[in-house]
Amino acid sequence: MSAVPAAITPIQQRFSDLHAQGRCALMPFLMAGDPDLATTRATLLELQANGADLVELGIPYSDPLADGPVIQAAASRALAAATTPDKVLAMLTSLQGELTMPVVLFTYSNPLLNRGMEAFCRDAAAAGAAGLVVPDLPLEEGEKLSEIAAGHGLDLVLLVAPTTPPERMARIHSASRGFTYLVSVTGVTGVRTSLETRVSPLVSQLKAQGGSPVAVGFGISGPEQARQVRDWGADGAIVGSALVKVMAEAHAQQGDVAAGPLPARKRPASGLRRSWSGTSTSTATAASSSSRRSSATAARPAPSASSER
């Protein structure tokens, strides 16, 4: 992989800082535009204020192959609200000066190729994004995109799954920038009650190769799984479906998804790091079960090659 950014990137800096503190990164996933971009903007700031270290921000797409029912439904709601890549980037631009945690954009190949790799990376960087995840982009195409992304100061994060052959897994890990996204299950994103035990040696295997930090996603539904991922030696835990589901339920309870900001007691980000305390080696993971139901901390795992976040 060529063209590594000369200066340390925001994602690299964040993982370096967390490593120095002995902490595992907590990385929630949000679907931009669900239920609307004003809510997404407010939630990003709430997540930052409540202990998220980085955030994965999904750009809604009509054929989300890596996502399970919860995130597919979120994408459908966002598209129904007329959310577009341009509007997502404009919302992100409006947060410059307020949002300091690194934002990793999650998109599929078609929207990216439709805009053009160079233009997409240029516009994403100008909006304030720190990295990209493109789950349906093969390694060979990823190497091309990574060079373009690096030219704009963006990290292209690549994914590996439990079924990835060892030799190819090593190549992907070597090529990934910012961190390597280890999918904890086979399948699509979604909430699960337990993680596959075969993931533990994969974390060790990737870490032994050096290179980028390793973050685990897909299927992390509560603090217990986040702590398990931390204990395996992972550098980060990605929580998607759990948070997306809690947000949808909170807005449904309001009766009107466009009713404006949620009351403090129903904000899904409220007390995030506190309730998931333990995700980091010394402090945090993600929201507690009770706070996920009542006031908000929830987060569920992120996607891999196929399995629900």
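Q: How much space lies in the second largest pocket?
A: About 230 Å³ lies in the second largest pocket, the volume being the space filled by probe spheres set on grid points joined across faces, edges and corners. A pocket is an open set of points on a 1 Å grid over the protein atoms alone, where a 1.4 Å probe fits, with protein on both sides within 12 Å along at least five of seven lines. The model is predicted, with local features needing pLDDT of at least 70 and side-chain atom pairs pLDDT 80 or more, while totals for chains, interfaces and linings use all residues. Residues are numbered from 1 along each chain as its sequence is written, and side-chain values use heavy atoms, without hydrogens and water.

Q: What makes a residue part of the lining, and which lie closest to the centre of the second largest pocket?
A: A lining residue has an atom within 4 Å of a point. There are 15 of them here, and His19, Arg23, Lys207, Ala234 and Asp235 are the closest to the centre. Helix α1 (residues 10-20) supplies the largest share, 5 residues; a helix is a DSSP run of H or I, at least four residues, numbered from the N terminus. By class, the lining holds 5 nonpolar, 6 polar and 4 charged residues.

Q: Why is Gln225 called buried?
A: Its relative accessible area is 6%, and buried means under 20% (exposed is over 50%, partly exposed in between; 1.4 Å probe, protein chains only). Gln225 therefore counts as buried. Gln225 belongs to helix α10 (residues 223-231). Its C-alpha is 8.8 Å from that of Ala237, 12 residues away in sequence.

Q: What makes a set of residues a nonpolar core, and which members of the largest one touch the most others?
A: The set must be buried Ala, Val, Leu, Ile, Met, Phe, Trp, Tyr and Cys residues joined through side-chain atoms within 4.5 Å. The largest core has 57 residues, and Leu57, Leu92, Leu105, Leu132, Leu145 and Leu182 touch the most other members. Helix α6 (residues 117-127) gives the most to this core, 5 residues. Beyond four places in sequence, Leu132 has contacts (heavy atoms within 4.5 Å) that include Val104, Phe120, Leu154 and Val157. A separate core of 30 residues includes Met27, Phe106, Val133 and Leu159.

Note on methods:
Helix = DSSP H or I, 4+ residues; strand = E, 2+ residues; numbered from the N terminus. Nonpolar A, V, L, I, M, F, W, Y, C, P; charged D, E, K, R; others polar.
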